[in-house]
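Subject: Structure handover

Hello,

Here is the structure I promised you. Please open it beside this email and follow along.

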Amino acid sequence: MPKAQDHNHTQRISLDHDFEVLYEKACEAGIETAFSRAKQTPVPCPFGSAGVCCRHCLEGPCRIGFNGKGPQEGICGANGDTIVARNLLTMMIEGAAGHAEHGRETALALLEASEGNSDYQIKGVEKLYQVAAGLGIETNGKAVEDIGKQVALKALEDFQKQAGAMNWLTLHAQQQSIDKWDELGITPVNVHLEISKAVTRTSMGCDADPVNLLLGCLTMGLVDGFGGLHLSSDLQDILFGVPKLVKSNFRLGVIKKEMVNIAVHGHVPLLSEKIVEWSRKLSEEAKAAGAAGINVVGICCSGNEVLMRHGIPAASSFSSQELVIVTGMLEAMVVDVQCIMPGIQKVAECYHTEIITTLPYVNIAGSTHVDFHTDKADKAAQDIVRKAIANFPKREHQKITSFTGTVEAYAGFSNEQIIEALSALNKEDPLKPLLDAIASGAIRGVAAIVGCTNVREFQDWGNVTVAKELLKNNVLVVATGCSAHSLAKHNLMNMQGLEYCGESLRGVLKAIGQAVGLESLPPTLHMGSCVDNSRPADLLTAVANRLGVEVKDLPAVGSCPETHSPKALVIGTYFLANGVDVHVGVNPQVSGSQFVTDVLCNGAKDDGLNLEKLFGGKLIYEKDPVKAAAILLRRIEEKRLALGLSS
Ligand code: CUV
Ligand code: SF4
């Protein structure tokens, strides 16, 4: 149990002062959070950190000694390279499975909506036609539901087919990339088959070739990119509509003392969409209970989803999720799947907050479970909102800490929205203004800042620092996931943050922004949740196609400064398979094998096999965000040079 005196008041956990206030409050009240638990285990296990601990069978666990001392092989004879590569693949599987389940559930939801036995309808009709056309589905004279069903069945095929390439891969990838993947034998056939194969190959006594295992990692990257990210984003856009420019708010001031506050947390927006809808419809009931209304706030990627489509304000990213409860003003936290700390339940028990789980395979002991399914989504959402209303009178007023500060942020930058804004400058050839800016060097390149916040990192610092360094150097920055929360909270998604941009970037942002009636585009563009990393990928593909080059040739990079999640690693691997350099600021747990490290991180000119030689981009592990940005800038300039763009 942490005691207040154990925590000197300068021991900082977050760049966001509000969370420091709450952390201190929690410590003083003896409430455990991830931050206090992390301080209790200050040093992670060195074997696990290096990736050399194997638990793949009951002869072990085995571990490889450091610096040539101690055992260099497990009992079965697996060496350090095999163990590290195999552990990396295990992480990839875990990440890809989460996103793929997200995709599959969305596909089923679309099927059910199309068949009419569901509480959802197709709202993104234009997107439906576009995706259907891409899949070669005949749409002429067909009803919307009919087309929806065909698209959903094509999506489900990506979990069933036994030969060929995944439909969603063919739909979105460049042909040159597909040829390369085919040649390497890493093109995925279907999501479940690949995951099952990968689990098999990582098990004891199977794949023992580190090269082959690393190729397996790339297949998982492709499974994630197409079966997880693209499939989810496309089908969500079809069901809920394509995100458009919205203005909303971040930071803890979005939690309103006079309102019934409901936090939506997790990833799959099926339920949170309904919570938003019913919180509006049931506001009179909240008033009858003495509240001014119902206020939904977002956490993590469920938060990003409802922000993008409904302008719902965001309260917290991953690492501080428990502290939101410590405000004492949360009537309910509704969770679906992924990135939900079990610790929220114990914190909630110190307050009147009710944790509500909603999926049969994500329960937390002690919490309330409201079963959610698409054919009873309205009923579930009503139940949940009413539970929250009923909790409002149970607030303990002496335990409340309220905040007034909020930060304005623009979001909703789907590619459709970006293209629409660019069209105002050039109707015939919307991408041209962007390409011209890149060609002239007004924009040096494009960076996607993605991924999470991590309890062991100083919250927001890495994300914000990398962004500011890149902006200063005229790199166009887009963001997704919890890193988007970091940027938004620190003014990088409103006009105040334009001061961090280099002059020429600012000029381009202003020109595009003014064309759509804004003072400027914000310094960084919020493109959505983690699965919405499909959006920056599609943007790069569109730019590359328009230029007649490959994505790997573009001056584009990805950066993941503060992640905690295997999901972020597998997203990064998807980008690596497309030849995009990817920075990670958190230990990827491969240092126990020089071979694996070399394959991932070495440059094309180095001897031996490496990712850059195969695909055109590499993994950059750098903890210091300033140094990381410098490396990314150098990579951008190298790619500009190779493309023959102005220096
Ligand atoms: Ni998917 S994966 S902490 S919520 S971004 Fe947030 Fe986003 Fe990472 Fe999780
Ligand atoms: Fe040890 Fe091999 Fe079993 Fe791993 S698979 S625990 S290295 S015996």
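Start with one term: buried means under 20% relative accessible area, exposed means over 50%, and partly exposed is in between, with a 1.4 Å probe and protein chains only. This is a predicted model, so local features need pLDDT of at least 70 and side-chain atom pairs count only at pLDDT 80 or more, while totals for chains, interfaces and linings use all residues. Residues are numbered from 1 along each chain as its sequence is written, chains are lettered from A and ligands numbered from 1 in the order in which they are written, and side-chain values use heavy atoms, with hydrogens and water left out.

Domains

The chain is divided into domain 1 (84-240), domain 2 (252-399) and domain 3 (412-643). Those bounds come from an automatic or database domain assignment. The centres of domain 1 and domain 3, taken over C-alpha atoms, are 24 Å apart. Domain 1 gives 38 residues to their contact, and domain 3 gives 38 residues. Contact here means heavy atoms within 4.5 Å.

The ligands

Which residues come nearest to ligand 1? They are His267, Cys301, Cys339, Cys452 and Cys482, out of 13 residues around the ligand. A residue is near a molecule or strand if one of its heavy atoms lies within 4 Å of it. Helix H13 (300-310) and helix H20 (481-489) are the elements that give two or more residues to this shell. Helices (H or I, at least four residues) and strands (E, at least two) are DSSP runs, numbered from the N terminus. By class, the shell around ligand 1 has seven nonpolar, five polar and one charged residues. Ala, Val, Leu, Ile, Met, Phe, Trp, Tyr, Cys and Pro count as nonpolar; Asp, Glu, Lys and Arg count as charged; the others, Gly among them, count as polar. Ligand 1 lies between domain 2 (252-399) and domain 3 (412-643), because both give residues to its shell.

Now ligand 2. Among the residues around it are Cys54, His56, Cys57, Cys62 and Cys76. Gly60, Arg86 and Met204 also belong to that shell. It divides into seven nonpolar, three polar and one charged.

A helix pair

Find helix H4 (residues 80-115) and helix H24 (residues 594-601). Their axes come within 8 Å and cross at roughly 50°. That makes H4 oblique to H24. Axes are lines fitted to C-alpha atoms, for helices over the stretch in contact, and angles run from 0 to 180 degrees between N-to-C directions. Angles under 35 degrees count as roughly parallel, over 145 as roughly antiparallel, 65 to 115 as roughly perpendicular and the rest as oblique. On the H4 side, Asp81, Val84, Ala85 and Leu88 take part; they meet Gln594, Phe595, Val596 and Leu600 in H24. The contact of H4 with H24 has six nonpolar, one polar and one charged residues.

Most residues other than glycine have a negative phi, and most peptide bonds are trans.

- Glycine 60 and proline 61 are joined by a cis peptide bond, with omega about 0°. Proline 61 sits in the loop between strand S1 (53-54) and strand S2 (62-63).
- Aspartate 460 is not a glycine, yet its phi is positive, about 80°. It lies in the loop between strand S11 (445-449) and helix H19 (461-472). Its relative accessible area is 0%, so aspartate 460 is buried.
- Glutamine 589 is not a glycine either, and has a positive phi of about 60°. Its loop runs between strand S15 (581-584) and H24. Is glutamine 589 buried or partly exposed? Partly exposed, because its relative accessibility is 34%.

Aspartate 581 is in strand S15. It is buried, because its relative accessible area is 0%. Beyond its neighbours within four places in sequence, its contacts include Ala556, Gly617, Arg635 and Lys639. Serine 647 is 66 residues away in sequence and 19 Å away in space, C-alpha to C-alpha.

Leucine 633 is found in helix H26 (residues 625-643). At 15% relative accessibility, leucine 633 counts as buried. Not counting residues up to four places away in sequence, it touches Glu469, Leu470, Asn473 and Val475. Glycine 445 is 188 residues away along the chain, but the two C-alpha atoms are separated by 8.5 Å.

Serine 279 is in helix H11 (residues 269-281). Its relative accessibility is 5%, so serine 279 is buried. Leaving aside neighbours within four places in sequence, serine 279 contacts Ile294, Val296 and Val385.

Best wishes
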